[in-house]
Amino acid sequence: MLTIQGVSVGYGDAPPLLRGISVAVRPGRVLALTGSSGAGKTTLLNTMAGLLRPRDGAVIVDGQPLRDRDHAVESRIVLIPQDNGLAPILTATENLQVTLVADGVTPPEARRRAAAMLADLGLTGQADQLVEELSGGQQQRTAVARGLALRGDVVLADEVTSELDARNRQRVLDLLHDEARRGAAVVFATHDPEVAAACEAELHLVEGRAEIVRS
């Protein structure tokens, strides 16, 4: 379980962007993280993922303060970033396989898992295409496939449906709920009110503070 306790986060010497954020990210549930552009959704996800260190408060994972990104990876915290982070000169399949093998998955299992995950996201026909040849939406779905293939205990997804049509948006949402049913704790940053309404809980960021809309 991942818990945010009184976290304040800022960049450099600027005033903190987030102040006094507290929330429990519970296994088996999808938490929608909402707020206007610039409200701090990405900042909060990056803090949960160990990429940013809080000025105050702590991110607690399995009873221990989260130290850094390496600690987050060891704790099975998976971040699916908004900018997708894919290697453009590798194929969609290779992007998944390289990540899975680096995570300790055997090559045969990595191939099987990559094929299944790409199929779940409607990308079987693009599996052997270079990422740089894919559309923005296809790249976004490939990034989702890569993140979900890791089967993390905590899955953090940052605006991963922003470039998708209604059908593929629902496909991604269904897969995130599947992760929760598997027992993962899922946090899904989104600006889409319909997507947020489909999640079990919602945390809304406004003026650096958090408002629990549903819990």
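This is a predicted model: local features need pLDDT of at least 70, side-chain atom pairs count only at pLDDT 80 or more; totals for chains, interfaces and linings use all residues.

Biologist: Thanks! Where is Thr190 found?
Modeller: Thr190 sits in the loop that links strand S8 (185–189) to helix H7 (193–197).

Biologist: Is Thr190 buried or exposed?
Modeller: Thr190 has a relative accessible area of 1%. Buried means under 20%, so Thr190 counts as buried.

Biologist: What is Thr190 in contact with, leaving aside its neighbours within four places in sequence?
Modeller: With those set aside, Thr190 is in contact with Leu33, Thr34, Lys41, Glu159, Val195 and Ala196.

Biologist: And how far apart are the C-alpha atoms of Thr190 and Asp158?
Modeller: They are separated by 7.1 Å, though the two residues are 32 residues apart along the chain.

Biologist: Tell me about Asp158, then. Which strand is it found in?
Modeller: Asp158 belongs to strand S7 (residues 154–158). Asp158 is buried but has no salt bridge. The nearest side chain of opposite charge is that of Lys41, 6.8 Å away.

Biologist: Which residues does Asp158 touch, not counting those up to four places away in sequence?
Modeller: Asp158 touches Thr42, Leu45, Ile80, Pro81, Gln82 and Ala189.

Biologist: Lys41 has come up already. How many residues of helix H1 are buried?
Modeller: Seven of the eight residues in H1 (residues 41–48) are buried, so the helix is mostly covered. Lys41 is one of the buried residues, and Leu45 is another. After H1 comes Gly50, which has a positive phi near 80°.

Biologist: New topic: how much space lies in the largest pocket?
Modeller: About 320 Å³. The pocket is lined by 15 residues, and those closest to its centre are Arg69, Val73, Val78, Thr99 and Leu150.

Biologist: Which element gives the largest share of that lining?
Modeller: Strand S6, with four residues. Helix H2 (69–74), S6 (77–80), helix H3 (92–102) and helix H5 (136–149) each supply at least two.

Biologist: Last one: in what sense do strands S9 and S10 pair?
Modeller: S9 (residues 201–206) and S10 (residues 209–214) pair in the antiparallel sense, over five bridges. Val206 stands opposite Arg209 in S10. The hairpin has two residues between the strands, and Glu207 takes a positive phi near 50° there.

Technical notes
Residues are numbered from 1 along each chain as its sequence is written. Side-chain values use heavy atoms; hydrogens and water are left out. Two strands pair if DSSP finds at least two bridges between them. Buried means under 20% relative accessible area, exposed over 50%, partly exposed in between (1.4 Å probe, protein chains only). Contact means heavy atoms within 4.5 Å. Lys and Arg count as positive and Asp and Glu as negative; His and the chain ends are not counted. A salt bridge is a side-chain nitrogen of Lys or Arg within 4 Å of a carboxyl oxygen of Asp or Glu. On a 1 Å grid over the protein atoms alone, a cavity is a set of points where a 1.4 Å probe fits but cannot get out, and a pocket is an open set with protein on both sides within 12 Å along at least five of seven lines; lining residues have an atom within 4 Å of a point. Grid points are joined across faces, edges and corners, and a volume is the space filled by probe spheres set on the points.
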